[in-house]
Every structure is written in structure tokens, then in C-alpha cells.
Amino acid sequence: MEEEEAREQKKIARKKVAVLPWMRSPVDVGSLNKCPLTHLPFLHPRLEAALCSSGIDSLFPVQVAVWQETIGPGSFARDICVNSPTGSGKTLAYALPIVQILSTRVVKCLRALVVLPTRDLALQVRDVFATIAPAVGLSVGLAVGQSSIADEISMLIERPKPEAGICYDPAEHHSTELQSAVDILVATPGRLMDHINNTKGFTLEHLRFLVVDETDRLLREAYKSWLPTTPELFVSYSRSTR
Ligand SMILES: Nc1ncnc2c1ncn2[C@@H]1O[C@H](COP(=O)(O)OP(=O)(O)OP(=O)(O)O)[C@@H](O)[C@H]1O
């Protein structure tokens with residue numbers, strides 16, 4: 001009897017908790033129009049200039065939707081799932097709000113990580129970030145295994161600069177003194193895991209944004225168990241710093 005009651009309670013509890021609560025009220029992108037940059041609320045003037053000089057003078061509907069949900073009036077921080085057709089502009093839809101939010105950062109550290117299934121896709125996404133991020137002083141890195149791991153590490157991690165007159169042995173410097181050389185990292189899962197496991201000074205400790213692009217492909221493949229490792233590190237750090 002007790003067992004049956006417990007089972008019933010569990011069923012009720014399960015009904016109450018939505019699997020993905022943040023997907024309860026989807027925004028229909030089809031109901032939105034393109035929006036000229038000049039009408040976009042709160043857009044950083046330097047980002048507007050960077051977009052204009054790369055030939056973009058308005059945002060596509062999916063980009064307007066994500067902007068409204070992340071930056072526009074009434075927006076608030078939460079997970080977002082974007083589902084729209086190929087070529088509809090999803091990359092800029094997430095890149096622009098991330099760059100705008102990080103534009104106020106003071107100290108450089110890894111705050112946004114974008115994971116894609118292939119090197120070519122990662123390169124394309126890096127290029128989109130590269131058209132806007134430098135305008136507000138942010139740097140973008142790539143971890144896709146296109147170069148040797150040593151070269152990649154030297155692009156991602158900054159070693160402390162020796163002070164004038166002080167000699168130091170690099171071997172004695174600990175990973176805590178190493179800093180990220182990038183604010184935003186675009187990575188494929190395999191290389192990402194290599195850095196998580198082996199690169200001194202590489203940390204997701206300060207991460208504010210995790211983008212899983214081409215989610216269906218990424219979730220289908222194990223890629224050295226990057227899932228659940230990455231979100232786990234991200235979530236446990238953000239919990240411990242709350
Ligand atoms: N606001 C815009 N104005 C003009 N061109 C744009 C705009 N946003 C994106 N584009 C261009 O539209 C094309 C498609 O964009 P993008 O690759 O981001 O689409 P996507 O939805 O991510 O596609 P996929 O599903 O293949 O990843 C790119 O060539 C991009 O430069």
C-alpha cells in the first residue's frame with residue numbers, strides 16, 4: 001500500500017516538473033520581421049559599426065528573437081534553445097548577444113565556449129565572432145587541432161610576463177598564474193577535452209556562456225565523453241561561485 005502511494009506521489013511529482021522548463025513558452029520566429037540595426041535596443045555602437053562594415057545593416061528574425069530574449073527590454077538570464085532552418089542566421093543570433101554582454105568585462109578570461117562537431121564549422125563560427133568581438137576589445141580563440149597542440153596552447157594561454165630585473169624559471173610557475181589569452185573559444189569536442197585534461201591554465205571556471213551548436217550531431221556522438229564533462233565543469237564552477 002505504502003509502495004503504491006509512493007509510486008503515485010512520484011508520478012504526480014514527475015507531471016509537475018517539466019523536463020525542460022525553459023522551453024515551456026517558445027517564441028515563434030516566424031512572427032518576427034527583420035530589424036534594422038538602428039532600431040535594435042541597447043546595441044553597442046561599436047558593434048553596430050562592425051556589423052555595418054561587414055555588410056550587415058539589419059538582423060534576421062531569429063537574430064531579433066534571440067536579441068530580445070537576451071538583451072532586449074524584459075530579458076533575463078536563462079538557457080535558450082534555438083531551432084531554425086539552415087542559413088537563417090543562427091550563428092550571429094548567439095554571437096552578437098554574447099559579445100555585447102562580454103563587452104563590459106574588465107579582466108580577460110575564458111567566458112564563452114562554443115562547441116561544434118567539425119573543424120570547418122568551427123572555423124566558420126570563429127570568423128563570425130572575429131568580425132564583431134575585436135570591436136569591443138574581446139579576443140577569440142580556436143581549438144580544433146588544426147595546428148600542433150603546443151602552438152594552440154600558446155595561442156590560448158598567456159604566461160606571466162617577467163618583470164624587469166627579476167629572473168624566473170618558467171618551470172616553477174604554477175597553472176594558477178597562467179591566464180587565458182582569449183575571451184571566447186570556439187572548439188571541437190576532441191580538442192576541447194585535450195585542453196580540459198592536459199593544458200595547464202585552461203579552465204572553464206569563469207565561463208558564462210556555453211553554446212552547443214549543431215546539437216543533434218554533437219549529442220549523437222560521444223567525442224571522448226565531452227558530454228557530460230564540459231557542462232559538469234561549467235555548472236559546478238558556477239554553483240560554487242554563486
Ligand atoms: N543579419 C544578417 N544580414 C545579412 N547576412 C547575414 C545576417 N546574418 C547572417 N547572415 C549571412 O547569412 C548566411 C547564413 O548564416 P549562418 O551560417 O549563421 O546560418 P545558420 O542558421 O547558422 O546556418 P546553419 O544551420 O547551416 O548553421 C551567412 O552567409 C551569413 O553571413
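This is a predicted model: local features need pLDDT of at least 70, side-chain atom pairs count only at pLDDT 80 or more; totals for chains, interfaces and linings use all residues.

Student: What share of the residues in the protein chain is buried?

Tutor: Of the 242 residues, 36% are buried. As for the surface, the protein chain exposes about 14,700 Å², and 54% of that area comes from carbon and sulfur atoms.

Student: How much of the contact in the chain is between residues 24 or more positions apart?

Tutor: Take the contacts with a separation of 6 or more: residues 24 or more positions apart account for 77% of them.

Student: How should I think about a nonpolar core, and which residues have the most contacts inside the largest one?

Tutor: The general idea first: in soluble globular proteins, nonpolar side chains tend to be buried together. In this model the largest nonpolar core has 35 residues, and Leu96, Val99, Phe129 and Ile132 have the most contacts inside it. Several elements supply at least two residues each, among them helix H2 (45-53), helix H3 (61-70), helix H5 (119-132) and strand S3 (112-115). Helix H4 (90-102) is also on that list, and H4 gives the most to this core, with seven residues.

Student: Which residues are in contact with Leu96, leaving aside its neighbours within four places in sequence?

Tutor: Leu96 is in contact with Leu40, Leu43, Leu47, Leu51, Leu59, Trp67 and Ile132. There is also a second, separate core of 18 residues, which includes Leu113, Ile157, Leu178 and Val182.

Student: Which atoms of Gly87, Ser88 and Lys90 lie by an oxygen atom of the ligand?

Tutor: For Gly87, a backbone N or O atom lies 2.9 Å from a ligand oxygen. For Ser88, a backbone N or O atom lies 3.2 Å from an oxygen atom of the ligand. Lys90 uses its side chain, with a polar atom 2.8 Å from a ligand oxygen. On its own the ligand has 630 Å² of accessible area, and the protein covers 63% of this.

Student: Now some single residues. Is Asp183 buried or exposed?

Tutor: Look at the relative accessible area: buried means under 20%. Asp183 has 1%, so Asp183 is buried. Asp183 sits in the loop between strand S6 (179-180) and strand S7 (184-187).

Student: What polar partners does the side chain of Asp183 have?

Tutor: The side chains of Asp183 and Arg105 are joined by a polar contact of 2.6 Å.

Student: Where is Thr199, and what does its side chain contact?

Tutor: Thr199 lies in the loop between helix H7 (189-198) and S8. Its relative accessible area is 6%, so Thr199 counts as buried. The side chain of Thr199 makes a polar contact with the side chain of His195 at 2.7 Å. Outside its sequence neighbours up to four places away, Thr199 touches Ile153, Ile157 and Asp194.

Student: Which residues is Cys35 in contact with, leaving aside its neighbours within four places in sequence?

Tutor: Those are Leu40, Ser58, Leu59 and Val64. Cys35 is found in strand S1 (residues 35-36), and its relative accessibility of 15% makes it buried.

Student: And is Ser103 buried or exposed?

Tutor: Ser103 is buried, with a relative accessible area of 18%. Ser103 belongs to the loop between H4 and S3, and its contacts beyond four places in sequence are with His44, Val136 and Leu138.

Notes:
Residues are numbered from 1 along each chain as its sequence is written. Side-chain values use heavy atoms; hydrogens and water are left out. Buried means under 20% relative accessible area, exposed over 50%, partly exposed in between (1.4 Å probe, protein chains only). Contact means heavy atoms within 4.5 Å. Accessible areas come from the Shrake-Rupley method with a 1.4 Å probe; for residues, only the protein chains shown count as cover. A nonpolar core is a set of buried Ala, Val, Leu, Ile, Met, Phe, Trp, Tyr and Cys residues joined through side-chain atoms within 4.5 Å. Helices (H or I, at least four residues) and strands (E, at least two) are DSSP runs, numbered from the N terminus. A polar contact is a pair of N or O atoms within 3.5 Å; within protein, one must be able to donate a hydrogen and the other to accept it, and residues adjacent in sequence count only if both atoms are side-chain atoms.
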